Amino acid sequence: SSAVGSHLCAPPLPTARRVAPPPPPDRPVAAAGASAMVIKTDLCAYTEYRIYPGRGQRFVAKDGKTSFFISSKADALFHQRIKAVKLRWTQAWRRMNKKGKADEQAKKRTRKAQKFQKA
């Protein structure tokens, strides 16, 4: 017969599935794609750029104050006592010279002078 050995193959046994417990009722439920991975970043003491994990150089002064620099360039300029405000690529310079996103929203609109018809 054509069904030789069919009695040897048993159907697979149902396996136990792990089901996540429902979230506690006091917290809102986030959508599956809405949650993003949070990465702890520090700010450079000189340039104010974000420093991601594995980057940067920490300097501890004699008084115990710690400074975290994004690069050796920022570290060297800090120790030469060159003001960050004088360097165009730092955030301090951009803030002093009103560059970037912040001033876009707060830009004042100039009003055109109204023309009046004289009688």
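**Salt bridges and a buried threonine**

Modeller: The side chains of Glu-48 and Arg-95 meet in a salt bridge, 3.0 Å from N to O. The term means a side-chain nitrogen of Lys or Arg within 4 Å of a carboxyl oxygen of Asp or Glu. This is a predicted model: local features need pLDDT of at least 70, side-chain atom pairs pLDDT 80 or more, while totals for chains, interfaces and linings use all residues. Numbering runs from 1 along each chain as its sequence is written, and side-chain values use heavy atoms, without hydrogens and water.

Biologist: Which parts does the Glu-48 and Arg-95 pair tie together?

Modeller: Glu-48 lies in the loop between β1 and β2 and Arg-95 in helix α2 (residues 91–96), so the pair ties together parts 47 residues apart in sequence. Helices (H or I, at least four residues) and strands (E, at least two) are DSSP runs, numbered from the N terminus.

Biologist: Is Arg-95 buried or exposed?

Modeller: Exposed, with a relative accessible area of 53%. Buried means under 20%, exposed over 50%, partly exposed in between (1.4 Å probe, protein chains only). Glu-48 is partly exposed at 28%.

Biologist: How many salt bridges does the structure hold?

Modeller: Two. Asp-42 also forms one with Lys-40, the closest N and O atoms being 3.3 Å apart. Lys-40 is exposed at 63%; Asp-42 is partly exposed at 26%.

Biologist: New topic. Where is Thr-47 found?

Modeller: In the loop between β1 (42–43) and β2. Thr-47 is buried, at 0% relative accessible area.

Biologist: What does Thr-47 touch?

Modeller: Ile-70, Ala-74, Trp-89, Thr-90 and Gln-91, leaving out residues up to four places away in sequence. Contact means heavy atoms within 4.5 Å.
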